[in-house]
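Please look over the sequence and the model shown here before reading on.

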Amino acid sequence: MSVNHPALSALLSTPIDYAGLFPPASLPLPRAVKVYREIMEGDLGELCDKFICSADQLAELAACIQAENMEEVPVAVVGAPLKPGPEMAAQLRAELTAMTAHPVLMVEGYELKVPVGESLIGALRALKGAGLNDADLDVFLEFPWSPESEDAMAEAISQMENIGFKARCGGMPDPHPVPTPQELAAFIHTCVSLEAPLKFTAGLHQAIGRNEGGTFHHGFVNVLAAAALALTQDLNRSEIEEILTLPAGRMAPEGDDLVLGSWRLTPEEADELWTYCGGFGSCSVQEPKDSLRALGWWN
């Protein structure tokens with residue numbers, strides 16, 4: 001049982017980091033580890049990569065993994081949001097120490113909410129001082145959706161080379177629960193322009209974007225395809241936005257390629273996405289699979 005088309009298979013190559021600890025699932029950690037093991041042992045493992053855990057739960061995660069008799073588990077760590085003040089550097093050092101304390105955890109990623117505005121320089125200084133610029137980790141900074149976010153991304157990449165950025169696609173009320181297609185297109189375009197890795201999280205349980213209750217909810221196939229085409233075909237923001245909002249009726253496998261409106265995504269272009277994309281976090285892997293099956297894209 002799997003994704004049944006070359007371009008789609010390449011586009012959906014283990015794109016999901018399992019976030020069962022986080023809303024709306026909010027599972028207890030022992031249960032989340034059991035679910036992750038079941039995912040990785042079944043056909044859902046084709047869609048799933050790392051286990052996402054908050055930094056303050058790493059010791060408990062290691063114990064749960066050992067209790068389940070699992071081998072080393074790849075982990076993406078979510079740090080506590082950085083807040084202005086002198087405690088930022090100490091927080092970062094403590095979290096980095098916790099990441100190396102448990103041999104059963106293969107920590108591959110580190111994700112942090114970072115302030116914008118006047119507090120940004122202090123946050124970047126703390127990140128560099130803690131050694132994040134040289135750490136063997138995929139580091140993704142998350143900025144709030146605001147008019148300042150693009151400038152913050154450019155400033156961050158000018159100060160730290162080995163970082164990427166994370167876009168929250170739903171689930172948070174500040175300043176609104178879901179970024180507009182225009183905002184998400186600007187994020188993707190900015191990452192590509194800065195040659196910065198990117199990752200997505202929250203709200204991406206369905207394959208195709210749709211309007212619900214006056215709000216556009218993003219689909220993970222739209223988002224990943226838009227990022228892949230922006231990377232490989234030098235799209236502008238309005239073109240990225242168009243791909244983000246394409247309905248299922250304007251997407252179709254054709255030969256080995258995936259046709260998306262006026263664009264074609266080849267398997268090779270989809271593969272290239274994964275040289276700089278960290279995928280997306282989701283508290284469900286079953287729902288994305290069911291969405292693909294409903295489209296006839298999973299056998």
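## Surroundings of R250

In this predicted model, R250 touches E242, V259, L260, G261 and S262, when residues up to four places away in sequence are not counted. One of these contacts, G261, lies eleven residues from R250 along the chain, and the C-alpha atoms of the two are separated by 5.3 Å.

R250 itself sits in the loop between helix 9 (237-244) and strand 10 (251-254). Its relative accessibility is 40%, so R250 counts as partly exposed.

## Helix 4 and its buried side

Helix 4 comprises the 13 residues 87-99, which at 1.5 Å a residue should span 18 Å, and the distance of 19 Å between its end C-alpha atoms agrees with this. Its buried residues are M88, Q91, L92, E95, L96 and M99. They cover an arc of only 130 degrees around the axis, which puts them on the same side of helix 4. In general, an α-helix has 3.6 residues a turn, so residues three or four places apart point the same way.

The cover over the buried residues of helix 4 includes helix 3 (58-67), strand 3 (73-78), strand 4 (105-113) and helix 5 (119-129).

## The largest pocket

The largest pocket holds about 560 Å³ of space. Its lining is made up of 29 residues, among which F22, P23, R168, T201 and A202 lie nearest the centre of the pocket. Two or more lining residues come from each of strand 4, strand 6 (164-168) and strand 13 (277-282), and strand 4 gives the largest share, three residues.

Notes:
Residues are numbered from 1 along each chain as its sequence is written. This is a predicted model: local features need pLDDT of at least 70, side-chain atom pairs count only at pLDDT 80 or more; totals for chains, interfaces and linings use all residues. Side-chain values use heavy atoms; hydrogens and water are left out. Helices (H or I, at least four residues) and strands (E, at least two) are DSSP runs, numbered from the N terminus. Buried means under 20% relative accessible area, exposed over 50%, partly exposed in between (1.4 Å probe, protein chains only). Contact means heavy atoms within 4.5 Å. The expected span of a helix is 1.5 Å times one less than its number of residues. The arc is that of the directions from the helix axis to the C-beta atoms. On a 1 Å grid over the protein atoms alone, a cavity is a set of points where a 1.4 Å probe fits but cannot get out, and a pocket is an open set with protein on both sides within 12 Å along at least five of seven lines; lining residues have an atom within 4 Å of a point. Grid points are joined across faces, edges and corners, and a volume is the space filled by probe spheres set on the points.
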